Amino acid sequence: MDASIISQMLPLRSRFHRRLVATVVLLGSGLLVGCDRGAPTAKNGGAASSGTDSSTVSSAAQTAVAHNGSARNIVTTTGMVRDIVRQVVGERWTVTGLIESGVDPHLFKPTRGDVKRLNDAEVVFYSGLALEGRMSETFEQLRRAGKPVFAVTDQIEAASLRTPPEFADHHDPHVWMDAALWSQCVEHVGESLAKLDPPHADEYHERATAYRAELTRLDEYARRSIASIPESQRVLVTAHDAFGYFSQAYGIEVKSVQGVSTEAEAGVSDVNRLVDFLVERKLPAIFVESSVNAKNIKAVIEGAASRGVTVRVGGELFSDAMGQDGTYEGTYLGMIDHNVTTIVRALGGDAPEKGMDGKLEAK
Ligand SMILES: [Zn+2]
């Protein structure tokens with residue numbers, strides 16, 4: 001993406017983000033913040049995931065890494081990316097994330113200090129597909145400076161990526177919602193590191209393979225658990241639609257008060273449409289997943305109640321940010337386990353209270 005496109009898209013994003021930020025402040029949830037997937041701005045990730053740039057390791061970059069001594073550090077963007085990179089590198093590199101738990105990657109704009117951290121990193125990994133839309137220019141600058149910069153979603157075949165009509169010709173960036181797709185990203189991380197650090201290539205490949213086996217187990221848990229929800233109740237109703245890949249992968253219908261775009265305020269008709277749906281389907285629970293319009297979810301619950309149908313909030317789901325670093329929910333496995341387990345138990349399916357491995361915090 002060239003700079004002129006970036007500057008053209010900024011006014012739109014700024015307007016949009018101000019509203020989101022206002023919503024975040026209003027709700028004060030502190031745990032999860034929203035997602036503005038309705039405002040994709042870079043085409044297929046644009047600069048944020050241009051294939052050739054990030055998948056090719058220049059020999060200069062390789063040399064830079066090879067010649068560096070002990071202080072090997074990798075900087076990542078979201079917690080989800082930080083986690084998979086940590087899994088692959090083990091103790092060999094220090095891996096830190098720029099975007100803290102509870103911060104929306106769509107809205108994240110690097111500070112001067114963040115840019116310095118990126119510059120000081122030997123390698124940078126980010127999610128891509130324009131998720132970190134406000135960082136595209138920074139990534140380009142780093143690449144121009146010869147830094148190895150990788151989008152973890154770079155090697156996913158286009159056929160596996162969602163392109164909802166609302167997205168025009170942009171892909172949905174929320175790939176981590178499908179554990180099998182996210183597993184492909186782990187492979188890409190392993191290969192990228194192996195190219196950068198050939199003496200330890202086998203180790204990276206082995207760790208990536210072992211972690212991918214864990215993700216397969218998670219994928220199977222999700223599939224099996226979601227399938228245990230009575231078919232008529234197998235519907236995930238959230239404030240806005242950030243679960244497209246989840247829906248596709250695990251066979252659960254997704255409905256939201258707002259569509260993929262949070263830009264347009266939900267109207268009375270959107271709320272009524274969902275109330276009709278809930279009354280007709282008699283769903284036991286709907287979910288808050290982010291900062292976006294919890295008031296709409298409340299309105300839907302009240303609307304259903306006025307028609308004699310009790311619907312409760314089934315829980316809070318992690319959408320674009322994980323739990324706190326250092327907790328199980330602050331790992332990718334824990335994040336998805338939490339979402340799956342919360343959804344399945346609230347909708348009458350069969351899942352252990354503490355999740356796949358008994359590690360979830362009891363509610
Ligand atoms: Zn999002």
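**Sheet**

I looked up the strand order first. Four strands form an open sheet in the order β2-β1-β3-β4, with parallel pairing. Strands are DSSP runs of E with at least two residues, helices are runs of H or I with at least four, and both are numbered from the N terminus. Two strands pair if DSSP finds at least two bridges between them. The edge strands are β2 (94-97) and β4 (149-151), each pairing on one side only. On average, neighbouring strands of this sheet are turned by 20° against each other, direction ignored.

I noted that this is a predicted model, in which local features need pLDDT of at least 70, side-chain atom pairs count only at pLDDT 80 or more, and totals for chains, interfaces and linings use all residues. Residues are numbered from 1 along each chain as its sequence is written.

Strand β3 (residues 123-126) pairs with β4 in the parallel sense over three bridges. The bridge partner of Tyr126 in β4 is Ala151.

**Helix α4**

Helix α4 (residues 79-89) packs on the sheet and touches β1 (73-76), β2 and β3. Its direction makes about 170° with that of β2. Angles run from 0 to 180 degrees between N-to-C directions, and axes are lines fitted to C-alpha atoms, for helices over the stretch in contact. Residues are in contact if their C-beta atoms, placed from the backbone, lie within 7 Å.

I also looked up α4 against helix α8 (residues 201-227): they pack at an angle of about 125°, with their axes 7 Å apart. α4 and α8 are therefore oblique to each other. Angles under 35 degrees count as roughly parallel, over 145 as roughly antiparallel, 65 to 115 as roughly perpendicular and the rest as oblique. Gln87, Val88 and Val89 of α4 meet Tyr204, Arg207, Ala208 and Tyr211 of α8.

**Helices α10 and α11**

Helix α10 (residues 268-281) packs with helix α11 (residues 294-306) at an angle of about 50°, their axes 9 Å apart. That makes α10 oblique to α11. The contact is made by Val271, Asn272, Leu274, Val275, Leu278 and Val279 of α10 and by Asn296, Ala299, Val300, Gly303 and Ala304 of α11.

**Totals**

I counted twelve helices and eight strands in the protein. Of its 363 residues, 51% count as buried, that is, with 20 or more other C-beta atoms within 10 Å of their own.

Conventions. Contact = placed C-beta atoms within 7 Å. Buried ≥ 20, exposed ≤ 12 C-beta atoms within 10 Å, placed from the backbone.
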